[in-house]
Amino acid sequence: MAKKVNGFIKLQIPAGQANPSPPVGPALGQAGLNIMEFCKAFNADTQNMEQGIPIPVKITVYQDKSFTFEKKTPPASYYIKKAARLGKGAEMPGTEVVGAVTMDQLREIAELKKADLNANDVDAACKILAGTARSMGVTVEG
């Protein structure tokens, strides 16, 4: 018999750096989950990734206080900042430009994120990513 789902928790945690401090501890504690068990499992699962990359995680909480988690690809904004060699996006997007990315760079990002994007092909994914870049104050060249 399948376990009964009690809820979902969505978090964004740096790869290999899950610890019981906020935001992980309070979110899991409220659901009654074993915080250290999740931290150990997440860190073991992300140990081969570049440390510190923000990883969105969807945690499924079951009624018997057990859980499963599903990792997603890092946010598009992370990849765009990395491609444009930026620390952060524009203070006032639309009026200031802080960097630029090429269509080739957007294609690479689209290939990395294609599982999590709502697009049928790479060109549509590039349009989505170009919109994200513009909203960060990054221009798209080519």
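1. A83 is placed in helix α3, where helices (H or I, at least four residues) and strands (E, at least two) are DSSP runs numbered from the N terminus. A83 is buried, its relative accessible area being 18%; buried denotes under 20% relative accessible area, exposed over 50%, and partly exposed in between (1.4 Å probe, protein chains only). Leaving aside neighbours within four places in sequence, A83 is in contact with V101, Q105 and I109, contact meaning heavy atoms within 4.5 Å. The C-alpha atoms of A83 and A115, which stand 32 residues apart along the chain, are separated by 20 Å.

2. On the basis of the note: this is a predicted model, in which local features need pLDDT of at least 70 and side-chain atom pairs count only at pLDDT 80 or more, whereas totals for chains, interfaces and linings use all residues. Residues are numbered from 1 along each chain as its sequence is written, and side-chain values use heavy atoms, with hydrogens and water left out.

3. On the overall architecture: the chain holds five helices and five strands, and from the N terminus on its elements run β-α-α-β-β-α-β-α-α-β. The C-alpha trace spans about 55 × 30 × 30 Å along its principal axes. Of the 142 residues in the chain, 37% are buried. Among contacts with a separation of 6 or more, 62% are accounted for by residues 24 or more positions apart.

4. On the packing of α3 with α4: helix α3 and helix α4 (residues 103-113) pack at an angle of about 145 degrees, and their axes are 10 Å apart. The axes are lines fitted to C-alpha atoms, for helices over the stretch in contact, and angles run from 0 to 180 degrees between N-to-C directions. The α3 side of the contact comprises A76, Y79, I80 and A83, and the α4 side Q105, I109, L112 and K113. These residues divide into six nonpolar, one polar and one charged; Ala, Val, Leu, Ile, Met, Phe, Trp, Tyr, Cys and Pro count as nonpolar, Asp, Glu, Lys and Arg as charged, and the others, Gly among them, as polar.

5. On the packing of α3 with α5: the axes of helix α3 (residues 76-83) and helix α5 (residues 122-135) come within 10 Å and cross at roughly 70 degrees. The two helices are therefore roughly perpendicular to each other, a description that applies to angles of 65 to 115 degrees, while those under 35 count as roughly parallel, those over 145 as roughly antiparallel and the rest as oblique. A76, S77 and I80 of α3 meet L129, T132 and A133 of α5. The residues of this contact comprise four nonpolar, two polar and no charged.

6. Beyond its neighbours within four places in sequence, T73 is in contact with P56, L112, K113 and D116.

7. On helix α1: V24, G25, A27, L28 and A31 are the buried residues of this helix (residues 24-31). Their cover includes β1 (5-14), α2 (35-45) and β2 (54-62). G32, which follows α1, has a positive phi near 80 degrees.

8. On strand β2: T60 has its place in this strand and counts as buried at 13% relative accessibility. With neighbours within four places in sequence left aside, T60 is in contact with V5, G7, F8, S66, F67 and T68.

9. P22 and P23 are joined by a cis peptide bond with omega about 5 degrees, and P23 is found in the loop between β1 and α1. K65, in the loop between β2 and β3, is a residue other than glycine with a positive phi, near 65 degrees; K65 counts as partly exposed at 43% relative accessibility. R85 is not a glycine, yet its phi is positive at about 55 degrees. R85 is found in the loop between α3 and β4 (99-102) and is exposed, with a relative accessible area of 77%.
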